[in-house]
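I opened my notebook to look up a few contacts and write down what I found. Here are my entries, in the order I made them.

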Amino acid sequence: MEKWTCSVCGYIYDPDQGDSERGIPPGTPFGNLPDDWVCPVCGASKEMFEKA
C-alpha cells in the first residue's frame, strides 16, 4: 500500500501501521480514512497529503 506525506510537517501516513491514536487500524489505505481525519502531528487535513 502507498504511503502518504503531509506537505505541512512531513508526517508519513503508513497504511501498514494505521493511526491507533485515532482508531484507524493497521491495513487501512489512505483513501479509506474518514473525511475528517487530520494529520496527527500538525492537524492538517487529508487534502494536504501527497503520495510519498
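This is a predicted model: local features need pLDDT of at least 70, side-chain atom pairs count only at pLDDT 80 or more; totals for chains, interfaces and linings use all residues.

**Entry 1: K46**

I started with the side chain of K46, which reaches the backbone oxygen of L33 at 2.9 Å.

Residues are numbered from 1 along each chain as its sequence is written, and side-chain values use heavy atoms, with hydrogens and water left out.

I found K46 in the loop between β2 and β3. The strand names come from DSSP: helices (H or I, at least four residues) and strands (E, at least two) are DSSP runs, numbered from the N terminus.

A salt bridge needs a side-chain nitrogen of Lys or Arg within 4 Å of a carboxyl oxygen of Asp or Glu. Buried means under 20% relative accessible area, exposed means over 50%, and partly exposed is in between (1.4 Å probe, protein chains only).

I also checked the charged end of K46, and it sits over the ring of F30, 5.4 Å from the ring centre. The rule here: NZ of Lys or CZ of Arg is within 6 Å of the ring centre and within 35 degrees of the ring normal.

Rings of Phe, Tyr and Trp (its six-membered ring) pair if their centres lie within 6.5 Å; planes under 30 degrees apart count as stacked, over 60 as edge-to-face and the rest as tilted. How many aromatic pairs does this rule give? I noted seven.

Next I took F30 with F49: their ring centres are 5.4 Å apart and their planes are at 40°, so I wrote "tilted". F49 is in strand β3 and F30 in the loop, so the pair ties together parts that are 19 residues apart in sequence. F49 is buried, and F30 is too. I put W4, Y11, Y13, F30, W37 and F49 down as one aromatic cluster.

**Entry 2: the sheet**

I looked up the strands next. Three of them make an open sheet in the order β2-β1-β3, with antiparallel pairing. The edge strands, β2 (12-13) and β3 (49-51), each pair on one side only. Two strands pair if DSSP finds at least two bridges between them, and I found two bridges joining β1 (residues 4-6) to β2. T5 stands opposite I12 in β2.

**Entry 3: salt bridges**

I counted three salt bridges.

- E2 and K51 meet at 3.6 Å, N to O. E2 is in the segment before β1 and K51 in strand β3, 49 residues apart. E2 is partly exposed at 45% relative accessible area, and K51 is exposed at 53%.
- K3 pairs with D14, with the closest N and O atoms 3.8 Å apart. K3 is in the segment before β1 and D14 in the loop between β2 and β3, eleven residues apart. K3 is partly exposed at 40%, whereas D14 is buried at 12%.
- D19 pairs with R22, with the closest N and O atoms 3.7 Å apart. R22 is partly exposed at 37%.

Is D19 buried or exposed? Buried, with a relative accessible area of 5%. D19 lies in the loop between β2 and β3, and a polar contact of 2.9 Å joins its side chain to that of W37.

Last, I checked G23 in the loop between β2 and β3. G23 counts as exposed because its relative accessibility is 58%. From G23 to P40 I noted 17 residues in sequence and 12 Å in space, C-alpha to C-alpha.

Conventions:
A polar contact is a pair of N or O atoms within 3.5 Å; within protein, one must be able to donate a hydrogen and the other to accept it, and residues adjacent in sequence count only if both atoms are side-chain atoms.
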